[in-house]
Amino acid sequence: MDITARKQAEEALQTNRRQLAQAMDLAGVVNWGFDVARNRFVFNDRFCALYGTTAQREGGNEMPPEVYLREFVHPDDVGLIADELRKALDAANPQCSGQVQQRILRRDGQLRHCLVLYEVTRDASGRALAIWGSNQDVTKQKQTEQMLRIERESLKAILAAAPVGMLLLDEDTMIVDANSTLAAMVSRNLGQIIYQRGGGGLGCSHSFEDARGCGHALACPKCPLRNGIMRLLADGVSIRGAEIQPTLLIEGQEHRPWLSQRRTRAQVAAFSVRSGVLPGLAA
């Protein structure tokens with residue numbers, strides 16, 4: 001009997017499994033199951049590794065939900081996870097999938113953040129038979145979000161206290177924040193500045209040349225404001241002192257203030273309007 005085709009199929013299956021495992025490792029994803037009839041979570045070695053333990057240490061690869069909640073879930077999240085499990089098992093609940101975020105406590109004491117996705121297998125009457133799910137370690141993303149939040153709060157404090165006009169722009173040249181000093185310098189309120197494209201919020205003369213506003217005039221591809229931000233965000237190096245001089249329309253008159261640029265770790269470009277360049281408006 002020629003078994004070549006079968007061997008090739010088996011080898012291809014093993015290759016696919018290895019590739020899937022590698023992809024899951026890169027993404028920090030592990031899978032698990034829940035046997036409803038036996039009221040047991042079913043884990044594998046990869047799941048145990050995420051939790052800093054082994055099946056041998058836990059007495060096998062199965063665990064009652066109350067033990068899992070007590071041993072591995074952050075105390076403040078136990079109620080949340082218990083409620084999510086009850087909801088998944090509720091025959092009156094038509095949902096067959098869900099997600100929740102939880103904090104886990106590894107056996108070595110490390111705290112990790114996980115995104116949990118799951119699907120429920122139900123019979124014709126809606127009774128849950130099994131739950132299949134995955135946990136993704138999103139700790140690094142959470143830490144990054146926290147760092148960015150702290151950075152944004154620091155920037156807000158700087159904006160509020162700065163004696164010069166300042167604004168923050170993202171990589172799309174959208175103004176994400178500004179201070180009242182800047183608003184006074186360009187004779188606008190903050191509502192007319194924030195969440196506008198840079199030129200539109202500041203009153204760039206070219207933003208009035210096209211009905212679509214900032215970014216659509218013939219001069220926009222050469223805009224020093226936008227191109228300055230692109231350079232600052234592209235090179236990854238913090239820069240202080242780079243300056244541009246756009247033409248702004250303020251109360252119907254053209255002014256050409258100097259704007260100093262600085263790139264921040266929060267991936268926004270900060271601009272400060274030098275005082276004294278807008279006669280009668282600078283604070």
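This is a predicted model: local features need pLDDT of at least 70, side-chain atom pairs count only at pLDDT 80 or more; totals for chains, interfaces and linings use all residues.
Residues are numbered from 1 along each chain as its sequence is written, and side-chain values use heavy atoms, with hydrogens and water left out.

The chain holds eight helices and 13 strands. Helices (H or I, at least four residues) and strands (E, at least two) are DSSP runs, numbered from the N terminus. Of the 283 residues, 39% count as buried. Buried means under 20% relative accessible area, exposed over 50%, and partly exposed in between (1.4 Å probe, protein chains only). The chain exposes about 16300 Å², of which carbon and sulfur atoms supply 53%. Accessible areas come from the Shrake-Rupley method with a 1.4 Å probe; for residues, only the protein chains shown count as cover. Contact means heavy atoms within 4.5 Å. Among contacts with a separation of 6 or more, 46% come from residues 24 or more positions apart.

The largest nonpolar core has 26 residues. Such a core is a set of buried Ala, Val, Leu, Ile, Met, Phe, Trp, Tyr and Cys residues joined through side-chain atoms within 4.5 Å. Trp32, Phe43, Phe47, Tyr51, Tyr68 and Ile131 have the most contacts inside it. Elements that each supply at least two residues of this core include strand S1 (29–35), helix H2 (45–50), H3 and strand S6 (128–137). Another core, of 17 residues, lies apart from it; Leu167, Leu182, Ile193 and Leu259 are among its members.

Helix H3 (residues 65–72) has Pro65, Tyr68, Leu69 and Phe72 as its buried residues. They cover an arc of only 110 degrees around the axis, so they lie on the same side of H3. The arc is that of the directions from the helix axis to the C-beta atoms.

The whole structure contains 10 aromatic pairs. Rings of Phe, Tyr and Trp (its six-membered ring) pair if their centres lie within 6.5 Å; planes under 30 degrees apart count as stacked, over 60 as edge-to-face and the rest as tilted. Phe43 and Phe47 are stacked, because their ring centres are 4.1 Å apart and their planes are at 0 degrees. Both are buried. Ring pairs link a cluster of Trp32, Phe34, Phe41, Phe43, Phe47, Tyr51, Tyr68 and Phe72. Beyond its neighbours within four places in sequence, Tyr51 contacts Tyr68, Phe72, Gln102, Ile104, Arg106, Arg107 and Asn135.

There are 13 salt bridges. A salt bridge is a side-chain nitrogen of Lys or Arg within 4 Å of a carboxyl oxygen of Asp or Glu. Asp137 and Arg112 form one of them (2.9 Å, N to O). This pair links distant parts of the chain, with Asp137 in strand S6 and Arg112 in strand S5, 25 residues apart. Asp137 is buried at 18% relative accessibility, and Arg112 is buried with a relative accessible area of 18%. Arg212 also bridges to Asp210, with the closest N and O atoms 3.1 Å apart. Arg212 is exposed at 59%. Salt bridges that share partners join Glu58, Arg70, Glu71 and Arg107 into one network.

Most residues other than glycine have a negative phi. Tyr195, not a glycine, has a positive phi of about 70 degrees. Tyr195 lies in the loop between helix H6 (180–185) and helix H7 (198–202) and is exposed at 64% relative accessibility. Glu251 has a positive phi near 50 degrees.
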